Amino acid sequence: MTDKPRLRICLIGSGFMGKAHAFGYTTAARVFDLPFALEFHTLVDINETAAQKAADALGFAHAATDWKAAVTDPGIDLVSITAPNALHKEMALAAIAAGKHVYCEKPLAPLASDAREMAEAAEAAGVRTQVGFNYLSNPMIALAREMIASGELGDILGYRGLHAEDYMADASGPFTFRHDPAGGGALADIGSHALATAEFLMGPAAGPIEKVMGDCVTMIGARPDGKGGMRKVEVDDIGRAFLRFANGATG
Ligand SMILES: NC(=O)c1ccc[n+]([C@@H]2O[C@H](COP(=O)([O-])OP(=O)(O)OC[C@H]3O[C@@H](n4cnc5c(N)ncnc54)[C@H](O)[C@@H]3O)[C@@H](O)[C@H]2O)c1
């Protein structure tokens with residue numbers, strides 16, 4: 001038994017990142033001397049069977065399908081959002097309004113103005129937040145940032161970043177939430193990692209990104225819809241950009 005205060009977790013989504021969040025909470029509690037005792041309270045998935053199966057496998061006491069009820073449950077302190085991108089904003093704002101701390105996966109929202117609204121709501125409510133920019137927590141990236149910030153590498157005049165994944169390369173791959181115009185596309189999905197890394201590394205030395213010239217293209221214009229037909233893809237599967245940082249460095 002512990003006398004630490006409890007932090008009762010609600011995890012939304014039990015796919016790839018749902019498992020990753022559960023893995024993180026499980027490992028953190030075993031490796032670090034946390035100020036809280038983590039309680040795996042409720043796992044929510046839209047699919048009831050998946051919710052129950054994941055709750056059992058990952059150690060959550062309750063399984064649920066209604067995220068709206070879960071995020072306002074007074075028995076919950078923290079909401080982890082690993083549902084498809086288009087749902088992040090609504091889920092996060094509801095959780096913040098209910099006074100919960102929020103760990104939301106990237107991309108926070110399809111538009112910067114939406115993400116700003118989420119950040120401002122969290123600040124006004126005084127809750128703690130975290131975004132799933134996991135690469136920024138990699139010690140190697142932290143060291144690179146320190147080396148850049150300290151001047152050890154001299155003046156940084158240019159930045160080149162590449163985040164390449166091939167999960168959209170197969171034209172027979174099905175239409176998923178990553179192709180949904182409301183929050184999908186390569187720029188939002190993995191471009192968000194690339195841009196977060198660029199600002200994290202360059203920020204202290206070069207300031208934020210101030211100008212952007214970019215292009216997004218759709219290489220695979222239709223994908224199997226899972227019902228025997230094809231569905232048009234209207235989001236990018238490749239995005240490229242030229243950047244200008246505040247101090248004039250380019251990327
Ligand atoms: N930080 C990272 O490196 C990283 C990596 C992969 C994915 N992600 C992000 O994590 C999120 C999920 O990606 P994923 O790969 O785990 O997808 P996934 O398809 O494996 O999982 C999504 C889950 O959400 C559930 N879901 C869908 N609608 C729901 C609803 N209305 N209520 C509750 N649950 C619902 C699905 O049933 C599924 O279990 C995305 O936002 C993605 O951008 C982040």
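**The ligand and its surroundings**

In this predicted model, 25 residues surround the ligand, and the closest are Met-17, Asp-45, Asn-85, Lys-106 and Asn-134. By class, this shell comprises eleven nonpolar, nine polar and five charged residues.

Asn-134 places a polar side-chain atom 2.6 Å from a nitrogen atom of the ligand. Lys-106 takes part through its backbone: a polar backbone atom of this residue is 2.8 Å from an oxygen atom of the ligand. Arg-178 contributes a polar side-chain atom, which lies 3.0 Å from an oxygen atom of the ligand. On its own the ligand has 850 Å² of accessible area, and the protein covers 83% of it.

The site itself may be considered next. The ligand sits in the second largest pocket. Helix H1 (16–31), helix H4 (88–97) and helix H7 (186–206) are the elements that give two or more residues to the shell around the ligand. At the level of domains, domain 1 (6–132) and domain 2 (152–245) each provide at least three residues of that shell.

Pro-107 is placed in the loop between strand S5 (101–104) and helix H5 (112–125).

Technical notes. Residues numbered from 1 in each chain as written. Predicted model: local features only at pLDDT ≥ 70, side-chain atom pairs only at ≥ 80, totals over all residues. Heavy atoms only, no water. Near = heavy atom within 4 Å. Polar contact = N/O pair within 3.5 Å; in protein donor to acceptor, adjacent residues only side chain to side chain. Areas by Shrake-Rupley, 256 points an atom, 1.4 Å probe, with all protein chains shown as cover. 1 Å grid on protein atoms, 1.4 Å probe; cavity = no way out; pocket = protein on both sides within 12 Å on 5 of 7 lines; lining within 4 Å. Sits in = over half its atoms within 2 Å of the grid points. Helix = DSSP H or I, 4+ residues; strand = E, 2+ residues; numbered from the N terminus. Nonpolar A, V, L, I, M, F, W, Y, C, P; charged D, E, K, R; others polar. Domains from an automatic or database assignment.
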